[in-house]
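Please read them alongside the sequence and the coordinates.

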Amino acid sequence: MANQPKKYTKFVAAAATATLVASAIVPVASAAGFSDVADTNSHAVNINALAEAGIIGGYPDGTFKPNQELTRGQVVKMLGKWVEKQGFEIPADYATKARFTDLAADAKDQELVKYAALVFDTGVFAGSNGALNAGGKITRENMALVLDRAFKAINDTTLVEVAAEIEDVKVADLNTAKAEAREAIQALRNLGISGVENFMPKNSVTRAQFASFLNKTINTDAVVELTVKEAKAVDANTVEVTLSDDKKHTIKLEKALEANVATEVTFKIEEKEYTATVTYVVEAPVVKALNAAQVEVTFGEAVDKATVIGDKDVVKNVTLTSLDDKKVTETKAVLSKDGKILTITALNGQVFEGRYDIKIENVKNTAGKEIEKFEAKNMDFGKDKTAPVITGTEKVNATQVKVNFSEPLKSIGNWTFADAEGKTVNVKAEASGDAAVLFTIDDAKVKAGAEITATVIGATDIVGNLVSPNPTSVTFTKGDKDGVAPVVSSVTATGLDKVEVKFSEEVLGFSKDNVKIAGATVTVKQDENDSTKYVVTLDKALTEGLHKVDITTDNVTDLSGEALTAFSKLVEFKADKVAPKFVKSEVVVDEATKEEKLVLSFDKEVTETSLENATVTELNKDYVTTSGAFTGKLTPNAKDKTKLEVALKDVKFKVGDKEAVALAKDATYTVKFAKGAVADTNTTANTSEAFTVSFKRGVDGVVTTTDKPVAKVTATDSNTITVEFDKAVEGSSATKVENYAIAGLTIESAILKNDAAGVANTVVLTLAKGTNKLDGARDLTIANVAAKNGAVMETTTKTLTLKENVAPTVQTAKFTNTKDGLVNEITLTFSEAVTLDADAFQVFVGTETNAVETTSSVADKAVKEVKIELTKGLTTEQIAKTITVKLATDKKVKDANENALELTSIQAIQ
């Protein structure tokens, strides 16, 4: 184990056999008052510590039974309680979904059921072949594996990784353990959790032994040596300093740094003076079109809002001059909270499209200094082909919800609303601002807390791109007052500068003003995956230990308007020492710029890093390797800060003193990042282990356009689409169903036909009946169809309006209008309103071949109920036989979209 590579850098051994176990636990007269655990028992301290923590308990007679063999069920309960106390929640479905084949969800021991669900879902305890075997004994080798997994679930690293830098302490019988458990056993020995030379892997474990193993695992700690590490300028007046303990310190400067000039600064941290040279790097603004209606300007530093936005939110000092007569005369501008991103939105249907000259001048940063003038000529914004998507919902009040889109909309489309049972509910949908739709629940029958699913088809952005997917659905909840006030469920420090606040239900109005922590200023962000959870970030790291956290009630309510209950608690703060881990690398083509970029993914949010400190080798097409260095830097993705990216056109390769050159497209580059190259976003930052990335450039994502190969697409009826190509097409490709796609629908057949001039250029597509349940606009994508000469034509997408194609059905058929012992009428009820031909139905008695004489009622408008009058009536004797209703030959029953009833016969008449 001593020779394995480092996996975890938080822990540094003080000596080869150092024991990193906190043992400052004061024993009491008798462990937790257990009558059979004397003070002299070597396990008493650990039993007592776990008992006080609520992780273990005794028996009703006051005993602990320390020498009793531990069962697998007891292990699950103890580990589950430890995991739960670290902030992990019991799975909500523990009482309905069984995790193990031999432990039912409704088993009598519900404590075991819920902790079994928790340890299974967190990967701590997987069982054996799907079974828990709760009454079985656990071996010492399996205990080692379970402790390693539990430590991993809580600390994001294993005991094996923690012990990787410690010289192996002898385990004489290690080879007698199963192979998969040996590393975990060695780690227990190296860390002092196990104190014996012979581990006896196959032996069972007593309750007292496990208490010691578990408590020592919980208290595994670190020894760290400090040295000065890094200093970098965050803005003109702020320097972020990282010491060798990976703690970050934010230093405010009295004198602002000059942009792009190396400057020596002197500062103090905990009364110790440091000097460092830093450069406040300010890049030129970056301008790009987000979509047809929005242009984004990213500045290299925070700018003064008054210098970029004028009266009525009109853009100021940023000029976009169209070279293609695509003038935009009405705009709205918004500056991001950090003052670095200016979003310019075109109003009243105007669009940013084509080529523009850009000029930025007279803009000042937040320090009042004018930034350098910027000009860009002939910038091509291209054409917007990106579909709008739903980005989320937000509660406005108890009966209103806003659904947000990724870009401004031209049409909000056709919305339908249904409750959890699929029944239609009354909700009004209307445009709200540029890129949102407001729902107002008008249906008094919808109760508080009820889920409503909204489905839209045909919504489009400013240039007509259909929403994706189309149709698309979003679910929201009505929030009338329910009489239950929200409460703070938990407040947990997840580092020295971060706190997680969880509420009993979703709340509105919770902000930084509701969090009071002495000596700190905070920011608040709602968790993207759990609306009841918020992450509170402090502006500086606190000392380890207890700190009071107050949650005030000002303006905070649940979705039904109930006010929050105030909360105050002493919370224990511990340093987050988990390093960011490199996950993967990939080269992707940016949809907006059509240029390649290198993207590195990590398991947590990370900060910007320079490429210049990495070691690079280039392997060319002749397999010649050259060593050199890169220029440029990796910056966090604006939306996902777990990703670092750089445009490859901005990266250059430099060998020695030679001039840096652009990356070759026929070479493979291997980049070795040293330990500490990437830091997470903690105020006290953790840095990555060394990692290596290899990639190869492809062809820049330049898209060449040609004339579209489809002249016309028409919906002939609800089941049929006619595609007319602008030239004769090759039959085998044109009739392949898989070459045509409409999201969410099934195409059953594609038949090639000739036009009036005899040219084979028309394909008739038939949809599977009953697959389209909504009226509205749809995108038909056509790909891989070849022209008659064999050339494959360009993939194209056409928008057309389709009607739903669900045929009506007969839901009930009943005898009605009984008089004088005769049944004079049969009433049919349909799934939807229909129109029908006169005398559309025939009625037969038993096996008779001749129909009885009837007359069908026909309304002037579509109806859901049709009465069939029996001219002579049916006798009791006839009713005793089978009565069959059939659709008469050549007669039609249709819904509003011409979908025809397909009825063979009805025999179940009530």
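1. The largest cavity holds about 50 Å³ of space. Its lining consists of Tyr 94, Lys 97, Ala 98, Arg 99, Phe 100, Leu 103, Ala 104, Ala 105, Val 113, Ala 116 and Ala 117. The count of cavities of 30 Å³ or more comes to three. Rolling a probe the size of a water molecule over the atoms shows where empty space is left.

2. On confidence: this is a predicted model. The protein chain has an average pLDDT of 85, and 92% of the residues score at least 70. Over residues 1-31 pLDDT stays under 50, although the model has 79 contacts beyond four places in sequence for them. Residues 222-226 also stay under 50, with twelve such contacts. Where pLDDT is low, the predicted coordinates should not be read in detail.

3. On the open space: the second largest pocket contains about 670 Å³. It is lined by 23 residues, of which Thr 393, Glu 394, Glu 506, Gln 526 and Ser 531 are the closest to its centre. Strands β13 (390-397), β21 (472-477) and β24 (507-508) each supply at least two residues of this lining.

4. On the nonpolar core: the largest one has 61 residues, and those with the most contacts inside it are Ile 56, Leu 79, Phe 125, Leu 147, Phe 210 and Leu 214. At least two residues of this core come from each of α1 (44-52), α2 (72-85), α3 (110-121), α4 (140-155), α5 (159-162), α6 (179-190) and α7 (207-218). The largest share, nine residues, is supplied by α4. Which residues does Leu 214 contact, leaving aside its neighbours within four places in sequence? They are Leu 50, Ile 55, Met 78, Leu 79, Trp 82 and Leu 147.

5. On helix α1: why is α1 described as largely enclosed by the rest of the structure? Seven of its nine residues are buried, that is, under 20% relative accessible area. The buried residues are Ala 44, Asn 46, Ile 47, Asn 48, Ala 49, Leu 50 and Ala 51. These buried residues of α1 pack against α7. Just after α1, Gly 54 adopts a positive phi of about 80°.

6. On the open sheet: six strands are arranged in the order β39-β38-β35-β34-β40-β41, and their pairing is antiparallel. The edge strands, β39 (661-662) and β41 (691-696), each pair on one side only. Strand β38 (residues 652-654) runs antiparallel to β39, and two bridges join them. In that pair, Phe 653 has Val 661 of β39 as its bridge partner. Strands of a sheet pair through backbone hydrogen bonds, either parallel or antiparallel.

7. On the pairings of β37: strand β32 (residues 596-602) pairs with β37 (residues 643-647) in the antiparallel sense over five bridges. Ser 601 stands opposite Lys 643 of β37. Strand β36 (residues 633-636) is also antiparallel to β37, joined to it by two bridges, and Thr 635 stands opposite Glu 645. β36 and β37 form a hairpin, with six residues between the strands.

Notes
Residues are numbered from 1 along each chain as its sequence is written. This is a predicted model: local features need pLDDT of at least 70, side-chain atom pairs count only at pLDDT 80 or more; totals for chains, interfaces and linings use all residues. Side-chain values use heavy atoms; hydrogens and water are left out. Two strands pair if DSSP finds at least two bridges between them. Helices (H or I, at least four residues) and strands (E, at least two) are DSSP runs, numbered from the N terminus. A nonpolar core is a set of buried Ala, Val, Leu, Ile, Met, Phe, Trp, Tyr and Cys residues joined through side-chain atoms within 4.5 Å. Buried means under 20% relative accessible area, exposed over 50%, partly exposed in between (1.4 Å probe, protein chains only). Contact means heavy atoms within 4.5 Å. pLDDT is the predictor's confidence in each residue, from 0 to 100. On a 1 Å grid over the protein atoms alone, a cavity is a set of points where a 1.4 Å probe fits but cannot get out, and a pocket is an open set with protein on both sides within 12 Å along at least five of seven lines; lining residues have an atom within 4 Å of a point. Grid points are joined across faces, edges and corners, and a volume is the space filled by probe spheres set on the points.
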